[in-house]
Amino acid sequence: MIYLKTDEEIELMRESNLLVGMTLGEMAKWVAPGITTLKLDKIAEEFIRDHGAEPGFLGYAGYPNSLCISVNEVIVHGIPNSYALREGDIVSIDCGVVKNGFNGDSAYTFCVGEVAPEVKQLLKTTKESLYLGIEHAVEGKRIGDIGHAIQTYCEARGYSVVRELCGHGVGKKLHEEPNVPNYGRPGTGPLLKNGMCIAIEPMINLGARNIVIERDGWTTRTRDRKPAAHFEHTVAIKGGKADILSSFEYIEQVLGDKSI
Ligand code: MF3
Ligand code: CO
């Protein structure tokens, strides 16, 4: 069952997602060599609560923290811990909040200091593929059009697309129908309609597409331990067009010309 949102509900979704964007902007100020991923999680949790919202991931399916923080070969769902970031790391920070009963969900992969050029290029391509996918999130197209755009762009540049994890519908629940794969064939899958809200989140590997889920049940890494990138926006289909509800603007304001 795909829940279509009214214009009023989409505005509530925008509020939640703006707070996610602001929280990621706050994270951009703190990402640096020496900070632990658990410290980042605590700062984010406090920031979210100070803004009258609840962390969306904390307790979801038993998840223990407010953020998913995934370093280097960890693709997604890294659990914050005592690891201190090091110069040259890349770190995906995935944040969710619930405000007024609606979820916001967005992720960004940050560089810690100077990062190897080939890894920076992976981040750039993954972010670009997210926006290419979003161009297809319009009324009348299908879910497969989004995945196809992401897949062809990334594979043409020699990267691989994770298959086991997907984007998703989002609303009162963090994960709603439909699934939004980062691969697919044009003209296939559920039809996109006004009122649909979906999280599009390419997970792209420098090496092979294969994944391993660690014994904690969450941490998902590349099998070959090469780095992976992850960027996510929540998008509404409104007035026939893609309306990006989350925002990287707060992040990019902080990063300035260090932004990829
Ligand atoms: N953005 C991620 C996802 O959609 C975050 C979920 S983590 C969880 O899968 F812990 F909340 F499940
Ligand atoms: Co998501």
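## Basis of the description

Because the model is predicted, local features need pLDDT of at least 70 and side-chain atom pairs count only at pLDDT 80 or more, whereas totals for chains, interfaces and linings use all residues. Residues are numbered from 1 along each chain as its sequence is written, chains are lettered from A and ligands numbered from 1 in the order in which they are written, and side-chain values use heavy atoms, with hydrogens and water left out.

## The cobalt site

The cobalt ion (ligand 2) is coordinated at 2.1 to 2.3 Å by Asp105 (OD), His168 (NE2), Glu201 (OE) and Glu232 (OE), where donors are N, O and S atoms within 2.8 Å of the metal (3.2 Å for Na, K and Ca) and sites may look incomplete, water not being among the atoms. Along the chain these donors follow the spacing D-x62-H-x32-E-x30-E. Asp105 belongs to strand E5 (residues 102-111) and Glu201 to the loop between strand E9 (197-200) and strand E10 (203-205), so the pair ties together parts that are 96 residues apart in sequence; helices (H or I, at least four residues) and strands (E, at least two) are DSSP runs, numbered from the N terminus.

Asp105 is buried at a relative accessible area of 2%, and Glu201 is likewise buried at 7%, with buried meaning under 20% relative accessible area, exposed over 50% and partly exposed in between (1.4 Å probe, protein chains only). His168, in strand E7 (residues 167-169), is buried at 4%, and its side chain makes a polar contact of 3.1 Å with the side chain of Glu201. Such a contact is a pair of N or O atoms within 3.5 Å; within protein, one must be able to donate a hydrogen and the other to accept it, and residues adjacent in sequence count only if both atoms are side-chain atoms.

## Cysteines

A search of the whole structure finds zero disulfides, a disulfide being a pair of cysteine sulfur atoms within 2.5 Å. The sulfur of Cys95 is 9.6 Å from the closest cysteine sulfur, that of Cys68, which is too far for a bond, and Cys95 is buried at 0% relative accessibility. For Cys166, the nearest cysteine sulfur belongs to Cys154 and is 14 Å away.

## Helix H4

Ten of the 14 residues are buried, so H4 is largely enclosed by the rest of the structure. The buried residues, including Ile143, Ile146, Ile150, Tyr153 and Cys154, pack against helix H3 (117-135), strand E6 (160-161), strand E8 (176-180), E9 and E10. Just after H4, Gly158 takes a positive phi of about 90°.

Asn103 is found in strand E5 and is buried at 3% relative accessibility. A polar atom of the side chain of Asn103 lies 3.0 Å from the backbone oxygen of Lys172.

Leu58, in the loop between strand E1 (54-55) and strand E2 (67-71), is partly exposed at 35% relative accessibility. Apart from neighbours within four places in sequence, Leu58 is in contact with Glu45, Arg49, Tyr63, Pro64, Asn65 and Ser66, contact meaning heavy atoms within 4.5 Å.
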